[in-house]
Amino acid sequence: MNQENQNTEYKRLWKDEYLKWVCGFANALGGRIYVGIDDDMTVVGVSDLHRLLEDIPNKITSTIGIMPEINHIRMENKDVIEIIIDPCGMPVSLHGVYYYRSGATKQELRGVALHQFLLKKMGVNWEDIPCNGVTIDDLDDEAIAYFLKKATNAKRMGYETADSTKEEVLANLGLLTDGMPSNAAVLLFGKNPQRKFVTSGFKVGRFGADDADLLAQDLVEGDLIRMTDRIFQILNDKYLIRPIHYEGLQRIESLEIPADALREIIFNSIVHKVQYGTWNQMSIYDDHIRLWNEGSLPESFTVETLLSKHTSQPRNPKIANVFYKAGFIESWGRGYEKIINEFDRMNLSRPVFIEEQGGLSVNIPREIFMKVSRIKKTDRKTDQKTDQKTDQKKLIVDLIKSNPSVSRSELAEILDIHESSVRRRLAALVQAGIIRHTGPAKGGKWEIIK
């Protein structure tokens with residue numbers, strides 16, 4: 001007997017609330033529920049076998065609309081009921097609520113997750129749905145021309161395609177449905193895609209001490225094909241640094257984050273986003289950058305899968321195909337490998353990928369920014385100390401003017417510094433030719449030279 005898992009559930013006794021588990025199995029990969037076995041896999045048996053063998057299938061059929069296989073089995077000389085639920089090709093609900101088996105848990109589907117599930121069960125891809133009220137004239141000629149230039153330069157489309165009409169380009173990319181631009185077409189090339197898809201933009205925010213300390217923010221909008229260029233422009237101008245260094249006589253101003261890796265991260269964030277979900281969000285802090293997009297990993301994937309050799313399973317294959325043809329991404333699931341290699345090449349800590357809050361986030365350490373910040377803070381402290389010493393010297397000169405016989409101990413008391421510090425300030429003023437001491441060391445006087 002196996003532990004509870006994706007396909008197996010144990011129940012000590014039958015309760016009608018377990019119809020939720022039946023619904024979840026039917027909407028997922030199917031499974032088996034054993035009644036008469038405790039969670040710790042102790043066989044306890046059932047006492048009302050014949051009634052349950054009749055009631056359970058009737059309740060499942062009348063409430064969910066599926067026909068399970070119900071078996072009576074003997075285990076350790078006790079009666080156990082086995083309920084076998086096959087995966088259902090159509091979405092099923094219990095009293096209007098949809099459940100889904102994920103791992104060893106039952107999930108109630110709502111919002112974006114429910115929308116995504118229903119489309120998948122119905123064999124409909126959201127990208128391919130015609131965008132209501134949009135015509136080919138609502139697509140931007142410049143965005144399409146930008147794509148064709150990128151695709152031909154990347155040698156993923158022939159140069160002869162540059163002369164293609166807008167309709168031919170869209171048809172070849174599979175972005176027309178019954179002659180109408182699809183949702184993917186509008187997102188990729190629309191003149192104003194946010195008019196139809198409000199949350200298709202990309203949010204960037206700069207935070208201070210904590211998440212409540214928002215220092216600056218931008219919302220990048222427009223077509224997806226040129227969005228990464230817009231994001232990079234804003235990051236360059238406002239949010240990231242380009243520290244200067246030299247390689248021989250050549251002046252280098254590299255972005256603090258490996259540029260190719262950052263582009264790959266942003267491309268993947270856009271391609272794998274649930275496009276009808278919420279905004280992509282980049283939060284920038286002093287020590288790290290967090291980029292999150294809505295959309296869980298494929299069922300068979302983990303974060304470790306992403307970081308190893310894997311097949312490419314884009315959430316939005318039409319959008320991914322356009323990004324591939326434009327030369328933005330690879331089609332073999334090598335994007336994450338490229339990201340890691342770029343960070344290794346610059347001897348920087350690798351980004352950390354985390355599946356959280358219904359999506360995937362990547363945390364990028366800002367090691368170069370933190371190093372530069374520490375240097376600047378040290379310089380500021382040095383400047384402050386220098387300014388303080390200068391002020392103290394000026395005050396010493398003023399005190400000498402008013403009292404040429406003032407002693408070092410008196411100066412130390414007035415300035416609230418140690419007498420040894422006064423001695424150093426006086427020596428510096430003497431060396432600079434500003435003052436001089438006449439007479440004996442004790443009881444002499446100070447004179448202002450200039």
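This is a predicted model: local features need pLDDT of at least 70, side-chain atom pairs count only at pLDDT 80 or more; totals for chains, interfaces and linings use all residues.
## Salt bridges, a cavity and a surface patch

Asp 218 is partly exposed, with a relative accessible area of 24%. Asp 218 has a partner, Lys 238, and the two form a salt bridge. By the rule used here, the count comes to 25 salt bridges.

**Salt bridges: the idea**

- Side chains of opposite charge can pair when their charged atoms come close.

**Lys 238 and Asp 218**

- In this pair, the closest N and O atoms are 2.9 Å apart.
- Lys 238 sits in helix H7 (residues 227-239) and Asp 218 in strand E10 (residues 214-220), so the bridge ties together parts that are 20 residues apart in sequence.
- Lys 238 has a relative accessible area of 46%, so it counts as partly exposed.

**Asp 128 and Lys 318**

- Asp 128 makes a salt bridge with Lys 318, and their closest N and O atoms are 2.7 Å apart.
- This pair links distant parts of the chain, 190 residues apart: Asp 128 is in the loop between H3 and H4, while Lys 318 is in helix H10 (residues 317-325).
- Both ends are partly exposed: Asp 128 has a relative accessible area of 27%, and Lys 318 has 23% relative accessibility.

**Glu 256 and Arg 366**

- Glu 256 forms a salt bridge with Arg 366, again with 2.7 Å between the closest N and O atoms.
- Here too, distant parts of the chain are linked, 110 residues apart: Glu 256 lies in the loop between strand E12 (250-253) and helix H8 (259-271), and Arg 366 in the loop between strand E16 (359-365) and helix H12 (367-402).
- Glu 256 and Arg 366 are both buried; that word stands for under 20% relative accessible area.

**A salt-bridge network**

- Salt bridges can also join up: Asp 140, Glu 142, Asp 223, Arg 226 and Arg 230 are linked in a network of them.

**The cavity**

- The structure holds one cavity of 30 Å³ or more.
- The largest cavity has a volume of about 40 Å³.
- Its lining is made up of Ser 200, Gly 201, Leu 224, Met 227, Ile 270, Lys 273, Gln 275 and Asn 280.
- Sorted by type, the residues of this lining are three nonpolar, four polar and one charged.

**A nonpolar patch on the surface**

- Met 90, Met 122 and Val 124 form a nonpolar patch on the surface, and together they have about 280 Å² of accessible area.
- Val 124 belongs to the loop between helix H3 (111-121) and helix H4 (141-153).
- Val 124 itself is partly exposed, with a relative accessible area of 38%.

**Two residues with a positive phi**

- Lys 155 is not a glycine, yet it has a positive phi of about 60°.
- You will find Lys 155 in the loop between H4 and helix H5 (166-172).
- Lys 155 counts as exposed because its relative accessibility is 68%.
- Asp 178 is not a glycine either, and its phi is positive as well, at about 55°.
- Look for Asp 178 in the loop between strand E7 (176-177) and strand E8 (180-181).
- Asp 178 has 76% relative accessibility, so it counts as exposed.

Key
Residues are numbered from 1 along each chain as its sequence is written. Side-chain values use heavy atoms; hydrogens and water are left out. On a 1 Å grid over the protein atoms alone, a cavity is a set of points where a 1.4 Å probe fits but cannot get out, and a pocket is an open set with protein on both sides within 12 Å along at least five of seven lines; lining residues have an atom within 4 Å of a point. Grid points are joined across faces, edges and corners, and a volume is the space filled by probe spheres set on the points. Ala, Val, Leu, Ile, Met, Phe, Trp, Tyr, Cys and Pro count as nonpolar, Asp, Glu, Lys and Arg as charged, and the others, Gly among them, as polar. Patches are made of residues with over 30% relative accessible area and no salt bridge: like charges are joined within 9 Å, nonpolar side chains (Val, Leu, Ile, Met, Phe, Trp, Tyr) within 5 Å. Accessible areas come from the Shrake-Rupley method with a 1.4 Å probe; for residues, only the protein chains shown count as cover. A salt bridge is a side-chain nitrogen of Lys or Arg within 4 Å of a carboxyl oxygen of Asp or Glu. Helices (H or I, at least four residues) and strands (E, at least two) are DSSP runs, numbered from the N terminus. Buried means under 20% relative accessible area, exposed over 50%, partly exposed in between (1.4 Å probe, protein chains only).
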